Amino acid sequence: LIGITVKKNEDLSEWYQQTIIKGDLLEFTDIPGCYIYQPGSYRIWEFIQEFFNKRIRKMGVKNCYFPLFISEANLQREKDHIEGFAAEVAWVTEGGKNKLEKRLAVRPTSETAMYSFYSKKIRSHRDLPLKMNQWNNVVRWEFKHPMPFIRSREFLWQEGHTAHLTEKEAGVEVRQILDHYAAIYEELLAVPVVKGVKTVNEQFPGAHYTTTVEGFIPAVGRGIQAGTSHCLGQHFAKMFDIRVEDPHQQVEEGKPRDRLYVWQNSWGFTTRSIGLMILIHGDDKGLVIPPRVADVQVVIVPVGVTAKTTDVDRAKLYDEVKGISDKLEAADVRVECDMREGYSPGYKFNDWEMKGVPLRLEFGPKDSANGVVTTSRRDQDGKSTLPITDLAKSIPELLETIQADMLRKASEEYASHRKIIRKWEDFVPSLNAKNVVLVQHCATGACEDEIKKDSSGTVEGQEVDVRAPSMGAKSLCIPDEQPEEVKAGTRCINPKCDREAKMWVMFGRSY
Ligand SMILES: O=C1CCCN[C@@H]1CCCn1cnc2cc(F)c(F)cc2c1=O
Ligand SMILES: [Mg+2]
């Protein structure tokens with residue numbers, strides 16, 4: 001077993017592929033863009049599901065399941081929502097030996113599958129708010145180069161779809177969900193994100209507005225959309241005729257009330273999140289898994305056992321290892337003992353480091369004599385020791401320290417690569433220095449397009465994109481946290497634009 005043979009900052013895509021394969025997270029198949037999620041990554045998805053389900057259940061969201069196939073008639077119900085995506089839809093045209101009369105779409109997202117049902121289920125305002133969510137897979141036959149977890153033709157996600165009586169109530173929920181997405185990243189995956197609203201150019205065309213959590217991959221200095229929560233407005237309600245009587249309208253006895261279209265939201269979070277975690281925390285030895293989502297949080301490796309060690313001493317040491325492991329298990333630590341005979345400690349260290357196990361305990365005759373274990377954190381170099389007596393307390397604390405340190409380090413890294421730019425001549429050099437930029441912008445789509453065009457110089461150091469050497473910057477979001485007030489009279493950053501700047505917008509090259 002050899003380790004990762006390339007450095008992360010020398011060849012990111014090769015590093016990434018080796019890291020996820022040798023870390024047993026994912027395996028390729030004979031279909032481009034379709035991957036096997038090995039237990040290592042699926043376990044992370046389960047942690048995410050447990051965390052998110054607990055929170056949405058408290059909001060009254062119910063999980064459900066809709067069919068994988070969507071009729072063409074249903075998919076076409078909402079014209080302008082689909083037209084931009086037609087090239088991505090995968091179709092089933094045969095069943096066994098028979099050609100299907102009508103081809104069926106494999107769901108790329110489930111609005112059109114769910115909302116004809118919603119229009120039946122929602123009869124009166126008393127049926128509101130309706131809040132349903134699916135954990136499922138979707139297929140989008142993208143032609144951009146696939147990248148495991150980050151961009152695949154089939155991926156796992158959850159898609160929430162809710163219906164409300166008022167825009168205000170819908171708006172509150174859009175933000176609650178976005179906060180839960182940010183919490184998954186920051187509390188589970190130790191990945192920092194910027195919350196904001198998509199500009200008109202970058203939002204989902206079927207939406208009234210789109211809120212987003214934006215990630216950042218320092219290794220290539222690119223932004224990445226990490227989760228979206230849309231307010232759909234009444235757009236889909238009009239298409240699918242989802243209306244209820246206005247409960248607040250005063251009418252004479254027996255007179256019918258006006259019927260109001262409901263206000264809807266939809267929100268999605270995908271297995272791309274696992275890719276972000278790998279790309280941000282991984283190092284030249286491979287994966288680094290945050291303790292809260294690590295299947296194995298602590299691995300205990302016996303050391304100092306040689307051919308000279310007597311059977312009695314070996315048995316004594318192994319018993320003590322078992323004792324330590326039992327103590328940690330009793331403290332709800334997810335611990336594994338690597339008792340494999342015939343493998344050197346060094347081999348074992350390398351193996352568990354590649355799998356990203358956050359904490360290793362070495363235990364040998366010397367440690368036993370001193371009443372300690374030797375600790376080795378995966379996120380930092382160096383070793384330390386801890387007394388065996390209070391491991392049940394000190395190990396969980398150390399795991400929480402590792403979790404917090406990983407988030408802090410990634411947050412500082414992201415913050416140091418978000419550059420406030422006030423002059424256009426600093427824009428492209430900042431991108432080329434692997435940053436995203438915050439600029440005062442006029443919020444018009446055409447101007448964004450012009451900035452994208454004018455910022456697509458050749459870009460060194462973006463080996464991940466050898467196939468798309470020149471990539472312009474697009475707007476990533478209007479950050480909730482604006483750097484400062486945009487003073488009246490401030491010009492848009494784009495020198496070719498003579499409009500006034502309205503707000504600070506984060507731009508960057510992105511996935
Ligand atoms: O992004 C989300 C969150 C979860 C529910 N859906 C929304 C909007 C999805 C936007 N979108 C995104 N991609 C699509 C790809 C397609 F092939 C297609 F037919 C439709 C779409 C499409 O509607
Ligand atoms: Mg897409």
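Helices (H or I, at least four residues) and strands (E, at least two) are DSSP runs, numbered from the N terminus. This briefing concerns a predicted model, in which local features need pLDDT of at least 70, side-chain atom pairs count only at pLDDT 80 or more, and totals for chains, interfaces and linings use all residues. Residues are numbered from 1 along each chain as its sequence is written, chains are lettered from A and ligands numbered from 1 in the order in which they are written, and side-chain values use heavy atoms, with hydrogens and water left out. Ligand 1 sits in the largest pocket, that is, more than half of its atoms lie within 2 Å of the grid points of the pocket.

**The largest pocket**

- The volume of the largest pocket is about 1,300 Å³; a pocket is an open set of points, on a 1 Å grid over the protein atoms alone, where a 1.4 Å probe fits, with protein on both sides within 12 Å along at least five of seven lines.
- The lining of the largest pocket has 50 residues, of which Phe85, Arg140, Glu142, Gln225 and Thr228 are the closest to its centre; lining residues have an atom within 4 Å of a point.
- At least two lining residues come from each of α4 (79-83), β8 (154-164), β10 (209-217), β11 (222-233), β14 (263-270), α14 (445-454) and β22 (474-479).
- β11 provides the largest share of this lining, seven residues.
- By type, the lining of the largest pocket holds 17 nonpolar, 18 polar and 15 charged residues.

**Ligand 1 and its shell**

- Around ligand 1 there are 18 residues, and His81, Phe85, Thr109, Glu111 and His230 come nearest; a residue counts as near if one of its heavy atoms lies within 4 Å.
- α4, β8, β11 and β14 each contribute at least two residues to the shell around ligand 1.
- This shell comprises seven nonpolar, seven polar and four charged residues.
- An N or O atom in the side chain of Arg140 is 3.4 Å from a nitrogen atom of ligand 1.
- On its own, ligand 1 has 500 Å² of accessible area, of which the protein covers 94%; such areas come from the Shrake-Rupley method with a 1.4 Å probe.

**Backbone features in loops**

- Leu128 and Pro129 are joined by a cis peptide bond, with omega near -5 degrees.
- Pro129 belongs to the loop between α5 (111-121) and β7 (130-139).
- Asp24 is not a glycine, yet has a positive phi of about 60 degrees.
- The loop between α1 (12-22) and β1 (26-28) contains Asp24.

Methods
Grid points are joined across faces, edges and corners, and a volume is the space filled by probe spheres set on the points. Ala, Val, Leu, Ile, Met, Phe, Trp, Tyr, Cys and Pro count as nonpolar, Asp, Glu, Lys and Arg as charged, and the others, Gly among them, as polar. A polar contact is a pair of N or O atoms within 3.5 Å; within protein, one must be able to donate a hydrogen and the other to accept it, and residues adjacent in sequence count only if both atoms are side-chain atoms.
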